[in-house]
Amino acid sequence: MRRKVYMIAGYNTLSMGTGRKEFNPKKDRPGLEEYIREAGQGTLKQIGGAQNVDECVIGNFMASRFNRQANLAAFFPYVDDGLRYKPAIRVEGACATGGLALMSGIKSVLAETAEVVLVIGVEVQNTVKAIYCADYLAGAGWFKNRKAGHAYFFPGQFSDRAGSYFEKYGREKTRQAMARWFRNAIENARLCPTAQEHHNTVKDLEALAMMEPNGKSFVDHLNVFDCSKVSDGASAIAIVSEEGLKRCGIPVSDAIEVLGWGQLEEDITKPPSDPAELSTTKEAVKQALASAGITREEIGTAEIHDCFSIAGLMCMEAIGFAEKGKGADYILEGHTGRTGRVPINTTGGLIGWGHPTGGTGVHQAVTILEQLTGKAGDAQVEIPAGRPYGLTVNMGGDDKSLVSIVYKKGQ
Amino acid sequence: MSYEERLQHVSVLGAAGKMGSGILLLTAIEMADISLKPENKGKPFVLNAIDVSDEALAGVMKYLKAQVLKMAEKKMVGLRKVYAHRADLIDNDEIIDQYIFDVISLVRTTTRMEAAYDSYMVFEAIKEDPEMKISIFSKISANNPHQPWFFTNTSSIPITKLDEGAGLNGRIIGFHFYNPPAVQKLVELIKAEHTLPEVEAFAQAYAKNLRKVVVPSHDVAGFIGNGHFMRDILYASAEVENLCRDLSYVEAVYAMNKVSQDYLVRPMGIFQLIDYVGVDVCSFIMSVMTRHLKEETLHCPLLDNLLAQGVKGGQFSDGSQKDGVLKYEKGRPVAIYDPGTKVYVPISDFQSKVDQKLGDMPPAPAWKTVVGHKAKHEILTDYFTLLKTAESMGAELARAYVVRSNTIGLQLINSGVALNENDVNTVMLTGFFHAYGPINKYL
């Protein structure tokens, strides 16, 4: 890389929605602009204010429908008056939006048009019931497939993938692994005060998650515990050069360095060649590891895109942590847990922390920043000296838009 | 005439009422779902919503729209299949809007009873007035060339009386929904002496499609549900009178309401339930039942006294509770009407005094936690074991109440209203949301 790129000063709002005690669907809640402002100010405060920012990026998937709002870049001056007349851009790539926002910021720093980029990812989705939310999120797929698709479009897509996986590799053990995935997600979320499932007190989480799927009211192969949450939330982070670090007065030890990435697209109009595999994810992770010059054995923790438990399981295989068809064993043997081989989604992931779609990619980076710099609070996991790297996998659509990034603690 | 053909032309009498609007909703959904089958394309389906006032009928359409929306959202998975052939309907909300339109378009509101002259079947949910029902049934029957079937929602009038009075020759059946019909799973099915077997078969099929739990009840005034409820009211009122020796009237009402709710683990106290149904409705049902019962008079001076002072209870059109025996704030009782002074006395004025008098309460589980609990039976067994030996005035009142409720249940079987214990219990469990049936061995 032509210059070093760091991330600093992460901030997450609450992930608001069912599960949080504060959430009441019948009462007024903060709007899109409040989330943007809270997250943006949260990061600005840590980097010495808006005058230190050269450029801004906001990632958002579907405010045009959830909030009937476009032109989101113009909310930066609302975050802070000091951002008036500064360049800003909004990016979109379905649920990989946050990852793309990060990539946009990274490239500005590399292009030397900016030393400090403020990146925000946001989605406010509880404006409609889940059944309408499903329509909006279906925009992540090819619109021509919507008509033939399921009422709950994406749960339908991943239910079909789960069905294929069950057929190939067996149902019972896979369902058990999906239930374990849910349990890990909730147990991690309980340790993170901003997580949507932070207040969850269910005792036997795996038994709950083993509830038999009901295709008549939902989808054939997934139950609600296999799904990520409908969330309102925003995350922000600053992407900086070495110069930018100095400007913000932040020691390099409080930063993570971006070592490499895989950013790529697959044809949205084509069905997956093998529904039991996330082949685009596989390619993105491969590129990320290669560009960072590391192997997956050196990864200490990962934030991956578990929009559904089955996606989490298949991602373990796509990364190569587990062999093809062995994802369930890998999870059931405890390797993804907080004390496992590579702790995954240490603040709950999309199922436990929440999935404000456009914000998720940024939230993943914030979690890696916290973990690698030892600032994850109760959610802190041990990062072994021999495996110092953090990995993120952010997926848009049904394995179509991918951003995977490799980080290590700044030195 | 097949099931589906009969549902091509239907009228609901009293469609703007609390029960009628619910019956209208469920019937409209059933008819729409049939009309949307490919084989029924092009066939006309008509559902007359008949009531006395245009104002009330305007409210019904709003109610229908809101309810159909809720139901459509719940059955969206199936609805996408129903509208799979409609290339123009893509998003869920487009399909939901179309479905609401398709359901609502079946419904014709009118204040003219003559609309029912073309119907194959008539649901009736008008006032509990036997003469009025007989007169309307006779008129429709005489002017309708299709020999229509009558489904009456009466909760107290013997069906045989209506059949004979209107000369229907068995084209009638009691199809008693519980309030609100859209939510309550229970339907009491009451055959008149000569109800035609095909009418009964249709009723069973219709109930099944509506996913209702059917409990057959014999054609004895009040049937099972009100047979228990009305006698429960009389018992509680008598107990209030007894308690008035030691307590003031409002204190006694508070005590019995508390005992019947908290100690008995029921969803609401007996006096709140009276308000929910309506003081006037309860009183009216008692008088209708009394006319048809040979050896028993159901008469409640406490309710009569309140009615004379205009205290009625019942609900507002949005389903919220009107003040009655009790006064409500946000759905919770906060005061009790004192007929002596004609004012509501705040419960907080005497609550601690009465609670103290009732004594230490055995740790009763909350109805809400028990009702759907897997280990319901064990929890209740544990609780009643404690209640059995508890020495307090409250526990004593509760035990007597449980025994009396049990006796009423058995009496319903002995007098031939219910076939068996299970039917009595099912009605109280599903129709009244009790956590346990009145016929039990807990004490």
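Reader: What makes α2(B) oblique to α3(B)?

Author: In this predicted model, helix α2 (residues 18-35) of chain B and helix α3 (residues 54-74) of chain B pack at an angle of about 50 degrees, with their axes 10 Å apart. Angles under 35 degrees count as roughly parallel, over 145 as roughly antiparallel, 65 to 115 as roughly perpendicular and the rest as oblique. The angle falls in the rest, so α2(B) is oblique to α3(B). Axes are lines fitted to C-alpha atoms, for helices over the stretch in contact, and angles run from 0 to 180 degrees between N-to-C directions. Helices (H or I, at least four residues) and strands (E, at least two) are DSSP runs, numbered from the N terminus.

Reader: Which residues of α2(B) and α3(B) meet?

Author: S21(B), L24(B), L25(B), A28(B) and I29(B) in α2(B) meet V60(B), Y63(B), L64(B), Q67(B), V68(B) and M71(B) in α3(B). Two residues are in contact if their C-beta atoms, placed from the backbone, lie within 7 Å. This contact has nine nonpolar, two polar and no charged residues. Ala, Val, Leu, Ile, Met, Phe, Trp, Tyr, Cys and Pro count as nonpolar, Asp, Glu, Lys and Arg as charged, and the others, Gly among them, as polar.

Reader: Is the crossing of α9(B) and α17(B) left-handed or right-handed?

Author: The crossing of α9(B) and α17(B) is right-handed. A crossing is left-handed if the near helix is turned anticlockwise from the far one by less than a right angle, and right-handed if clockwise. The axes of α9(B) and α17(B) come within 10 Å and cross at roughly 150 degrees. Four nonpolar, four polar and four charged residues make up their contact.

Reader: Why is one side of β3 and of β7 of chain A left without a neighbour in the sheet?

Author: Nine strands of chain A form an open sheet with mixed pairing, in the order β3-β2-β4-β5-β1-β6-β9-β8-β7. β3 (88-91) and β7 (299-303) stand at the edges with a single partner strand each, so one side of each has no neighbour in the sheet. Two strands pair if DSSP finds at least two bridges between them. Four bridges join β7(A) to β8(A), and these strands run parallel.

Reader: How many residues does each chain give to the contact between chains A and B?

Author: Chain B gives nine residues and chain A gives ten. On the side of chain B, α4(B) supplies the largest share, three residues.

Reader: What are the numbering and the confidence rules?

Author: Residues are numbered from 1 along each chain as its sequence is written, and chains are lettered from A and ligands numbered from 1 in the order in which they are written. In this predicted model, local features need pLDDT of at least 70, side-chain atom pairs count only at pLDDT 80 or more, and totals for chains, interfaces and linings use all residues.
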